[in-house]
Amino acid sequence: MTEQIINSTVADWLLQHPAMPILVTDDVSVSAVAITMLDNAARDAYVCDGDAILGHLSFVKVMNHVFAHERPIHTHRQLFSRVTETDINELMDPHFQYCRPDEKLADVLHRQLESGTDDIIVLNRMNRVEGVIRLTEVLKASLQ
Amino acid sequence: MTQSPMLLLGVLMVTGLIFSLLANRLRVPRIAAYALAGLLWSQDLLGAYLQLDVSQWSGQLTDVALAIVAYIIGGSMTITQLKKLGKTIVFCTLGEVLGAIIMVTLAVWLLFGGGTADGFLIAIVLGVLAASTDPAATVAVVHQYRSHGKLTTTLLGIAALDDAIGIILFSVLIVWMTGAQLGGHIVSVSVEIGGAIVLGMVSGYFLALFGHRVRNHNFFLPMVLGGLFLSQGLAELWHVSPLLTAMAMGFTARATFVSGGERLFASVEYLEELVFLIFFTLAGAQFELGIMLQALDLAAIYVIARVIGKVMGAGIGGKLSGASEQISRYVGLGVIPQAGIAIGLALTLMEFPQFERQGVLVLNMILASTIIFELIGPFATRFALGRAGELKPGRAQE
């Protein structure tokens, strides 16, 4: 089963496991993003403006920000972020990982593991969202 | 005994780590443990018997470590964040920095009789080194007592901001004191500072550009260090300030990269503890008890003047910004701890012929006073936060 999965393309995978990424707008609070991610058991969220994807937020990054006041953090970067109440626009990473529908799933998995992106967004050639590939789903499918 | 730098560095670091583990159990600040570990290998103790001498090779190591710190601090803030800091934090920071510089410089200069060039040199250097604050100590108190409120936020903002100002002022001072003559001193100083900013901006821009293309986590650290070392080498070659170059590089890289900065900074931030371990053990190993015993009055004056300068300066800054009475009154007490950055900056003095005689005295002074400030600083911060009513009920009694 594992071999069959990793030899398939992203488009094949989405046909059998359709899923959409967590999309948030840049005017919501970081806490609201955390709640959305928890409700959907998602590890990554993507900030969008209409059809355009502006950036990426990982679960760890969101949690780090939410609990900033409760942790003895002291890097200068974290202090500035805490003192100035950083918003989504400053927190998100505009240089995020994505994949195309015609890519091999094996290549995408490698990229996900290497970059630590659990839920990688699938964008078509027009950069419109096609879906998401969740590592947890791939693991579940490969163990069946 | 062999003078292998690797062996000596290894000995210093392992001793520092062992001492810090013990310090953790005894609830002693870890930087005091690092300094004590270095002290063990100083010429007054084991160093003399084993004929250890770290001064032969510590210069370059200090430069590298300081460049890393300057890069991290430069990249810690964005223009948007600076705009959002607010009047109170900016005014209080400027106040406590200027207050410490003026009070320490004046007090030390007067102690030296106010006339000698040597005295003025020591006074102005100690004044500038007095500016920075240790954010770790402030954060530790805030975390321990679950402190929340306006004074807490102001203290954290100041602790984050004044290190940057301290490095900039120190760099300008060093350029001013040691600047090469290229058709007049002012021209020379302007070229060294302006050149450093331009070099840093160009390096930061290319680093960010490169950073967009690197996806593998394993490459982030080599990418940043490679760029940083290259820029430092060029700064040395072109005789521009290496510290300002590193700061400008960090600031520009963060601004150009447009993100929280994980890719360009998180991996380097992990090196911060290593940097402070190196700073404090090296400084400890170069500690000379004889010099300190002869300069006890200077140490006392420095400590007292720095505290008074910070408290008064921050208070005036608070009042000018329209901050509440509580913030103006107590904010200065919260920024007493002295940063490890001051130790790093003091270490670099030893490399300049202009500070050949005064460098050792300044380093010893800063090391001793940093330990004193690390011990009394947290109590002062706790007192200030308690008076402002920002400690969590129940924690205030601890």
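Visitor: Why is A:Val30 counted as buried?

Guide: The model shown here is a predicted one. In it, A:Val30 has a relative accessibility of 9%. Buried means under 20% relative accessible area, so A:Val30 counts as buried. This residue is found in helix 3 (residues 30-39) of chain A.

Visitor: What does A:Val30 touch, leaving out residues up to four places away in sequence?

Guide: A:Val30 touches A:Val62, A:His65, A:Val66, A:Thr86, A:Ile88 and A:Leu91.

Visitor: How do you know that the side chains of A:Asp118 and A:Arg43 meet in a salt bridge?

Guide: The distance from N to O in this pair is 3.3 Å. The cut-off for a salt bridge is 4 Å between a side-chain nitrogen of Lys or Arg and a carboxyl oxygen of Asp or Glu, so A:Asp118 and A:Arg43 qualify. The pair links distant parts of the chain, 75 residues apart. A:Asp118 lies in the loop between helix 7 and strand 5 (119-123) of chain A, and A:Arg43 in the loop between helix 3 and strand 2 (44-49) of chain A.

Visitor: Why are A:Asp118 and A:Arg43 called partly exposed?

Guide: The relative accessibility of A:Asp118 is 24%, and that of A:Arg43 is 36%. Partly exposed covers what lies between buried, under 20%, and exposed, over 50%. Both residues are therefore partly exposed.

Visitor: Are B:Arg263 and A:Asp93 buried or exposed?

Guide: B:Arg263 has a relative accessibility of 8%, and A:Asp93 has one of 15%. Buried means under 20%, so both count as buried.

Visitor: How many salt bridges are counted between chain A and chain B?

Guide: The count between these chains is 3. Another pair of side chains that meets in a salt bridge is B:Lys84 and A:Glu90, at 3.2 Å from N to O. Over all chains, a search of the whole structure finds 13 salt bridges.

Visitor: Which residues lie in contact where chain A meets chain B, and how many are there?

Guide: In chain A, 30 residues are in contact with 40 residues of chain B. The area buried between the two chains is about 3000 Å², with 57% of it given by carbon and sulfur atoms. On the side of chain A, the residues that lose the most area to chain B are A:His76, A:Arg77 and A:Phe80, together 29% of what that side buries.

Visitor: Why is B:Ser231 called buried?

Guide: Its relative accessible area is 1%, and buried means under 20%, so B:Ser231 is buried. The residue is placed in helix 11 (residues 220-237) of chain B. Not counting residues up to four places away in sequence, B:Ser231 touches B:Leu199, B:Ser203, B:Thr245 and B:Met249.

Visitor: Which residues have the most contacts inside the largest nonpolar core?

Guide: They are B:Tyr71, B:Leu126, B:Leu264 and B:Phe279, in a core of 121 residues. Helix 9 (residues 150-178) of chain B gives the largest share of this core, 12 residues. Apart from this core lies another, of 15 residues, among them A:Val30, A:Ala34, A:Ala42 and A:Met92.

Note on methods: Residues are numbered from 1 along each chain as its sequence is written. Chains are lettered from A and ligands numbered from 1 in the order in which they are written. This is a predicted model: local features need pLDDT of at least 70, side-chain atom pairs count only at pLDDT 80 or more; totals for chains, interfaces and linings use all residues. Side-chain values use heavy atoms; hydrogens and water are left out. Contact means heavy atoms within 4.5 Å. Buried area is the accessible area (1.4 Å probe) that two parts lose on being put together, summed over both. A nonpolar core is a set of buried Ala, Val, Leu, Ile, Met, Phe, Trp, Tyr and Cys residues joined through side-chain atoms within 4.5 Å. Buried means under 20% relative accessible area, exposed over 50%, partly exposed in between (1.4 Å probe, protein chains only). Helices (H or I, at least four residues) and strands (E, at least two) are DSSP runs, numbered from the N terminus.
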